[in-house]
Amino acid sequence: MRIVIIVAIFITIFFPDGLRDSDAHHEYEFTFVRLQYDGRLTQLSNWEVDYPASDRNFIYQLDKQTTIDVAPDSISIPVGSEALFDYPFSYVLEVGSMRLKKKEAANLREYMLRGGFIFVDDFHGGLEWNRFYTELKKIFPNKEPVDIPITHPIFSCFYKIEELIQIPGLRALYSGQTYERHDGHPARYLGMFDDKNRLMMLICFNSDLGDAWEHAAMPSYPREYSNIALKIGINAVIYSLTH
């Protein structure tokens with residue numbers, strides 16, 4: 001199905017700063033949650049990159065393409081908060097800058113083991129991978145991320161994804177390439193699985209799906225990338241609600 005982004009103007013008018021109160025979202029079947037974390041560059045709010053346009057464009061398409069009762073805007077929840085357990089799906093990006101305290105890592109581990117799902121996005125190259133891997137091992141010391149085969153249900157539970165390609169950020173496209181670091185290729189889609197083989201975390205490495213969501217309405221951003229990025233995101237939501 002061809003996806004066309006239409007900006008939901010009414011959201012911007014009525015919620016110019018986004019909704020941050022999770023209590024206002026409990027009436028909905030699904031709420032898009034951004035994970036809020038402390039980073040290596042503490043003066044920058046890396047967890048807020050692409051906000052709010054990325055979230056709102058994705059939410060609009062999720063509401064349009066499915067029958068899910070979707071909250072009209074995203075919320076942010078700290079990685080160490082118990083409020084996270086009220087929501088089955090969460091999104092985090094720029095994880096090459098993330099630093100987790102012991103209690104925060106334990107909270108994320110318990111969240112996923114209880115059935116929660118984390119969508120990891122927008123980090124690139126060996127340095128950022130090594131930094132993220134250090135934090136990931138705080139969460140799951142005895143588990144390893146593995147490449148997810150295209151035959152996995154997350155790539156067919158709503159849309160049929162035929163190929164896992166690299167999704168470039170806008171800046172990378174302007175430089176004439178699809179990768180953001182000199183060693184930021186190829187794209188990999190990895191996962192963390194629980195003991196029953198349920199996918200708990202989708203790791204989109206060397207890809208920037210959030211940028212594709214954010215810029216999907218721009219004529220200069222290729223629709224082939226935004227379409228696939230939106231389909232993968234929607235599939236991840238469907239998977240999180242059904243597994």
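Start by selecting strand β6, residues 117–123: seven of its seven residues are buried, so the strand is largely enclosed by the rest of the structure. Buried means under 20% relative accessible area, exposed means over 50%, and partly exposed lies in between (1.4 Å probe, protein chains only). Strands (E, at least two residues) and helices (H or I, at least four) are DSSP runs, numbered from the N terminus.

Before moving on, note that this is a predicted model, in which local features need pLDDT of at least 70 and side-chain atom pairs count only at pLDDT 80 or more, while totals for chains, interfaces and linings use all residues. Residues are numbered from 1 along each chain as its sequence is written, and side-chain values use heavy atoms, with hydrogens and water left out.

**The whole chain**

Zoom out. The protein has seven helices and nine strands. Of its 243 residues, 55% count as buried. Contact means heavy atoms within 4.5 Å. Among contacts with a separation of 6 or more, 77% are between residues 24 or more positions apart.

Two strands pair if DSSP finds at least two bridges between them. Select Phe89 and look across to β6: Phe117 stands opposite.

Which residue of β9 is the bridge partner of Val120? The partner is Ile203. While the strands are on screen, recall that side chains in a regular strand alternate between the two faces of the sheet.

Glu94 has a positive phi of about 55°, although it is not a glycine.

Next go to the loop between β8 and β9 and select Asn197. Its phi is also positive, about 70°, and Asn197 is not a glycine either. Is Asn197 buried or exposed? Asn197 is exposed, with a relative accessible area of 56%.

Select Phe140, in the loop between α4 (125–139) and β7 (146–147). At 4% relative accessibility, Phe140 counts as buried. Show the residues around it: not counting residues up to four places away in sequence, Phe140 touches Arg109, Met112, Leu113, Met192 and Met200. Then mark the C-alpha atoms of Phe140 and Ala105, which are 35 residues apart in sequence and 8.4 Å apart in space.

Which residues make the contact? On α2 they are Phe58, Gln61, Leu62 and Gln65, and on α7 they are Leu230, Gly233, Ile234 and Val237. Five of these residues are nonpolar, three are polar and none is charged. Here Ala, Val, Leu, Ile, Met, Phe, Trp, Tyr, Cys and Pro count as nonpolar, Asp, Glu, Lys and Arg as charged, and the others, Gly among them, as polar.

Select Thr66, in the loop between α2 and β3 (75–78). Thr66 counts as buried, at 11% relative accessibility. Leaving out residues up to four places away in sequence, Thr66 touches Phe158, Ile234 and Ile238. Thr66 and Ile234 are 168 residues apart along the chain, and their C-alpha atoms are separated by 8.7 Å.

Select His215, in the loop between α6 (209–214) and α7. His215 is buried, with a relative accessible area of 12%. Its contacts, leaving aside neighbours within four places in sequence, are Leu170 and Tyr221.

**Two cis peptide bonds**

Finish with two prolines. Pro52 is in the loop between β2 (38–39) and α2, and a cis peptide bond with omega of about 5° joins Tyr51 to Pro52. Pro186 is in the loop between α5 (170–174) and β8 (188–193). The peptide bond from His185 to Pro186 is cis, with omega near 0°.
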